[in-house]
Every structure is written in structure tokens, then in C-alpha cells.
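Subject: The structure you asked about

Hello,

Here is the structure to open alongside this message. Have a look around it first, and then read on for what turned up.

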Amino acid sequence: MGNNETKLYDYLTGALIVLILLLRRFLDTYQSFATVVFCSLTMFLLLVGLFYYGIVQTVHKTILSRPWSLLALLGSGVYLFVLLVPLGLFGFSNFIKFSVPISGNQFSWLTVNRYPLALTAIVGYFGLVLVGIYFSHFALNLLAADGDHPIQGLKQTVKLMTLKKYGQKLLLLFSMLVGICLLILGLGWLNRLLPNSVLFFLSQGTIDVVAPFVEIVVIGRLLGIQFARLTGKGLITGVGGCLIIFSALFAGINPAFSVRPVGHPTIIVHRGVINHNAQGNTITALKRNSHYHFPFVEMDIQETKDHHFICAHDNDVPIPGHGDQEINRLNLAEITRFHHVDMFADYLRTANRLKQPLIIELKVTNSSDPQMGTRFAQQFASQLTVLPHRVHSVGYPFLRQIKQRIPQINVGLVTMLNFGNIGKYKVDFYTLQHLTANPFLISSVGRTGRPVYSWTDDSQLSMMRMEMLGITGQVTDQALRLQKLRVNYQRDRWILLLNSLQNYL
């Protein structure tokens with residue numbers, strides 16, 4: 001591209017960034033699946049159009065009269081779109097992930113099988129990335145070819161791609177990711193040193209302008225777009241500065257940055273343990289720490305093959321001569337032969353005697369009996385209503401079974417993948433994994449008026465971040481640390497800048 005074409009490309013990129021900010025703000029308010037699809041499609045078409053303009057100006061050819069080449073170019077755009085989704089897609093990935101309409105049963109199946117699914121997805125994604133980088137010049141060679149011959153463009157791409165060029169592309173992509181990460185962390189560090197509202201919003205504006213601009217330019221280079229060395233950069237610098245100020249003002253009216261945390265989050269003692277002072281999920285730990293009178297003790301139970309409920313977190317137990325065996329597939333006698341376990345019935349009676357409310361996690365595996373929730377409710381209905389005990393689980397069908405038989409008990413959904421439109425599920429509260437929880441997810445389920453807990457918040461940073469995002473309660477192994485923690489919204493607002501890592505990485 002010449003000097004004028006490069007300037008126009010930069011201006012169009014700036015206009016696209018403004019549109020991205022407007023669409024994201026629109027989706028913050030209107031979160032239906034249809035609006036997410038419409039806004040994502042709009043952004044996709046404009047992004048592909050921008051890259052098409054850059055490639056056309058690079059090779060000085062067009063393919064508007066070549067249907068097969070147009071189809072191949074559209075396929076390349078879809079491929080690029082898919083590759084960008086795990087990298088945040090300029091903030092759209094969260095909206096896409098949390099708007100997918102999946103049933104509670106499907107959500108539970110995905111969560112229970114998350115490890116093999118996640119491993120498959122990660123391996124598959126990196127495979128697609130490596131292939132995509134190798135063929136990233138395909139669109140350029142497609143336009144440069146004479147005639148409507150996509151296969152010829154593909155062969156030309158393979159012919160021109162050397163190991164050195166491939167390594168340079170990988171290095172460029174890696175540098176982009178590291179650079180954006182350092183930008184966000186650096187501005188977060190600066191705001192921690194100099195807590196100031198103007199600096200904070202300018203920093204957020206800088207991230208929302210510079211990060212997508214860098215990503216679009218780098219992707220353009222990977223596609224083979226050639227940019228001219230600009231002269232007279234004053235106007236471009238001025239436009240960029242105005243764009244940052246606009247983005248900063250836009251962030252200033254965003255409710256996510258103006259809503260103060262309401263009170264101190266409810267403290268929930270994880271597995272009944274505080275600072276490793278006992279073995280988790282045991283009556284000993286419950287007795288030792290109940291005198292602190294924290295609002296809840298969170299603990300885990302498993303059902304054995306012969307339908308006894310025991311206190312245990314892990315799905316497997318080691319059986320001599322047989323390796324690790326799933327609790328759901330073992331009778332109680334087989335387990336107690338080699339391991340001491342506390343029965344949940346004893347644990348619950350002790351909690352009631354000590355007047356310690358519980359949040360009971362009903363663990364679920366692929367081997368769980370389909371009527372486990374019904375059986376749990378039948379066995380413990382009278383004891384579960386003595387105190388305001390709660391039950392949460394990744395197993396949505398089991399929660400519904402419990403709720404149907406004990407309507408007065410609160411049931412909650414435990415999330416790990418944070419995927420799907422979970423705000424529509426019939427539960428009383430949510431327990432979100434803190435690493436993948438983000439402002440959009442927390443606000444979307446929180447605006448329903450139901451409590452939103454996070455787990456497991458052990459570091460001071462995670463505790464502060466979750467409180468800044470307006471979480472209702474925190475499950476933690478460090479209850480005493482959380483009890484002493486005091487968050488100052490003005491001083492600690494720098495933590496909110498770190499949420500941008502999910503939008504651009």
C-alpha cells in the first residue's frame with residue numbers, strides 16, 4: 001500500500017475500534033443470543049472487509065468477479081474468526097460464550113467431561129493456529145493470481161512459505177501477545193502506584209484502543225498486507241489521541257466501572273479448613289473451625305455404589321492392587337476397608353448441633369446414579385432444613401431433583417467452564433470459578449437478583465478482584481485473611497484493568 005492507502009487503512013481501523021466499543025456496550029445491555037449473533041456477524045464482516053481492502057491495495061487487484069476466489073476468501077475469513085475467538089475477539093468472545101443456549105443437562109455433561117474436552121480443544125486449536133499461520137498468505141496469493149483459481153493460490157502459498165518465514169510469523173504473533181499482556185500489566189502497575197480516576201479511565205481507553213489496533217495491524221502483516229512508512233504522522237497521532245480520549249470517556253459511563261461493591265462478601269470456609277489447620281471435609285475440621293461462626297462451611301460429598309453419601313472431594317480413591325477407583329463404582333465396605341471416611345449423615349448432625357450452616361457440594365461423575373439427587377433429598381430432608389443449609393453442584397438435573405422434594409432449600413450451580421446462557425437456569429445462586437469469572441458473566445447472572453459466589457479465592461489479589469466485581473460471597477481456604485481484607489474502590493480500581501486480559505488474550 002502507498003502512503004495514502006496506509007493512512008486510510010489506519011483511519012478505517014480506528015473507525016472499526018469505535019464500532020467495536022459501541023457494539024460491546026450495546027451487548028452489555030441487550031444480551032440475547034440473537035443480538036450477540038447479529039453484532040458478532042457485523043464485526044466479522046467489517047473486519048474481513050478491512051483486511052480485503054488492505055490486500056487489494058497491496059496487490060492492486062480485485063476478485064469481485066471471481067466467485068470461487070470470493071468463496072475461498074470468505075472461508076479464510078471464517079477460519080480467521082474462529083482463531084480469534086479464544087484470543088478474546090476484541091472482547092466479543094465473552095458475549096459469544098455466555099449467550100450459547102444450552103440446556104442444564106448439556107451444561108452438566110460438558111462440565112463433568114471438561115478435562116478431555118478442554119485437552120482436545122487446546123490441541124485442536126493450536127493445530128489450527130499452526131496451519132493458519134502457514135497459509136496466512138493464501139488470501140494475498142489468491143488475489144494476486146490471474147483468473148479464478150483458488151487451488152493455484154494455495155499452491156503458490158506452499159511454494160513461497162519457507163521455514164524462516166514461518167518462524168518469523170510465529171515470532172510476530174508471540175510478540176503481539178506478550179506486548180499486549182505487558183501493556184495491560186504495565187498500566188495496571190502504574191495505576192496501583194498513582195490511584196487517580198482520570199489516569200484510570202485514560203488507561204482503560206489506551207488498552208481499548210492500542211490492544212485491538214496492534215492486533216489488527218499484526219494480523220494484517222500475517223496476511224501479507226504491506227504498509228507504507230508514513231510521513232507527517234501528526235494527524236494520525238492526533239486522531240489516535242482523540243480515539244483514546246473517546247474510549248476513556250466511554251469507559252467512564254460504563255456501569256461496570258461505576259458500581260461500588262456492596263458490603264463485604266459472605267465468607268465461606270472451603271472444605272471446613274482455615275489456613276491448612278485440618279484435613280478437609282472431616283468432622284474434625286468442622287468442629288475445629290465452627291467456633292469462628294463464619295456464615296457457611298462449604299464441603300463435598302460423594303455417593304457410593306450402594307447409595308451411601310460420604311464426605312470426600314476427589315472422585316477416586318486408591319485401592320491396593322487396583323489403582324485409583326471411582327467412588328461411584330465402589331461399595332462403602334470396599335472403601336472403608338482401606339480408608340477412613342466420615343459419613344455425611346454424621347457430618348450434618350454435627351453441623352446442626354454446632355449451629356454451623358453448610359453449603360454442600362454434591363459431586364458428579366459420568367457414573368453418578370441418575371436418581372442421586374432424589375435419593376439425597378429423601379435421606380436428609382429433615383436434617384437439611386434445621387439450619388439454612390444450601391446445596392450446590394455442577395449437576396443441574398440433581399439440583400432440580402433436590403429442589404422438587406425440598407422446595408425451601410436453596411440450590412446453586414457450580415461453574416468451571418463458564419460457558420452457556422446459565423442465567424436462565426432455575427437455581428437460587430451461582431458459584432463461579434474465579435479464574436474464568438469476568439465482569440460480563442458476574443453482572444449477567446447477578447442482575448437476576450440471585451447471590452453469586454466465587455471459588456476458591458485464596459490470594460489477596462483474587463479476593464480483591466472478586467469483591468471489586470461485586471461478588472456476593474467468596475469460598476476460601478484463607479477465611480481469616482479474607483475477614484481482615486478491606487478493599488478501597490478508588491485505591492484498588494487498578495485491578496479492574498486486568499480484566500482486559502480476557503478481552504485481548
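Two strands are said to pair if DSSP finds at least two bridges between them. Strand β7 (residues 390-393) and strand β8 meet that rule with four bridges, running in the parallel sense. Within this pair, S393 has L413 of β8 as its bridge partner. Strand β8 (residues 410-415) has five of its six residues buried, so the rest of the structure largely encloses it. Please keep in mind throughout that this is a predicted model.

**The whole chain**

The chain has 505 residues, and 51% of them are buried. There are 23 helices and eleven strands. Taken along the principal axes, the C-alpha atoms fill a box of roughly 80 × 50 × 40 Å. Of the contacts with a separation of 6 or more, 69% are between residues 24 or more positions apart.

The chain is divided into domain 1 (3-102 + 112-257) and domain 2 (266-488). Their centres, taken over C-alpha atoms, are separated by 40 Å. Where the two domains are in contact, 14 residues come from domain 1 and 16 residues from domain 2.

**Another set of strands**

Strand β11 (residues 473-476) pairs with two partners that I would like to show you. Strand β1 (residues 266-270) runs parallel to β11, and four bridges join them.

**The nonpolar cores**

The largest nonpolar core has 128 residues, and F344 and F376 have the most contacts inside it. Helix α2 gives the most to this core, with 13 residues. Both domain 1 (3-102 + 112-257) and domain 2 (266-488) give residues to the core, so it lies between them.

How far apart are the end C-alpha atoms of helix α2 (residues 33-59)? They are 39 Å apart, which agrees with the 39 Å that its 27 residues should span at 1.5 Å a residue. After α2 comes H60, which has a positive phi, near 60°.

The buried residues of α3 are S69, A72, L73, G77, L80, F81, L83 and L84. The buried residues of α3 pack against α2, α4 (92-97), α6 (114-134), α7 (138-144), α8 (150-160) and α10 (197-222).

W68 also belongs to α3. Is W68 buried or exposed? With a relative accessible area of 57%, W68 is exposed, because that value is over the 50% cut-off. Leaving aside neighbours within four places in sequence, W68 is in contact with D148 and P150. W68 and F257 are 189 residues apart along the chain, and 47 Å separate their C-alpha atoms.

**Cysteines**

How many disulfides does the structure hold? The number is zero. Two cysteines may still be worth a look on your screen. C242 has a relative accessible area of 53%, which is over 50%, so C242 is exposed. C181 has a relative accessible area of 25%, which falls between 20% and 50%, so C181 is partly exposed.

Happy browsing, and best wishes

How values were computed: Residues are numbered from 1 along each chain as its sequence is written. This is a predicted model: local features need pLDDT of at least 70, side-chain atom pairs count only at pLDDT 80 or more; totals for chains, interfaces and linings use all residues. Side-chain values use heavy atoms; hydrogens and water are left out. Helices (H or I, at least four residues) and strands (E, at least two) are DSSP runs, numbered from the N terminus. The expected span of a helix is 1.5 Å times one less than its number of residues. A nonpolar core is a set of buried Ala, Val, Leu, Ile, Met, Phe, Trp, Tyr and Cys residues joined through side-chain atoms within 4.5 Å. Buried means under 20% relative accessible area, exposed over 50%, partly exposed in between (1.4 Å probe, protein chains only). Domain bounds come from an automatic or database domain assignment. A disulfide is a pair of cysteine sulfur atoms within 2.5 Å. Contact means heavy atoms within 4.5 Å.
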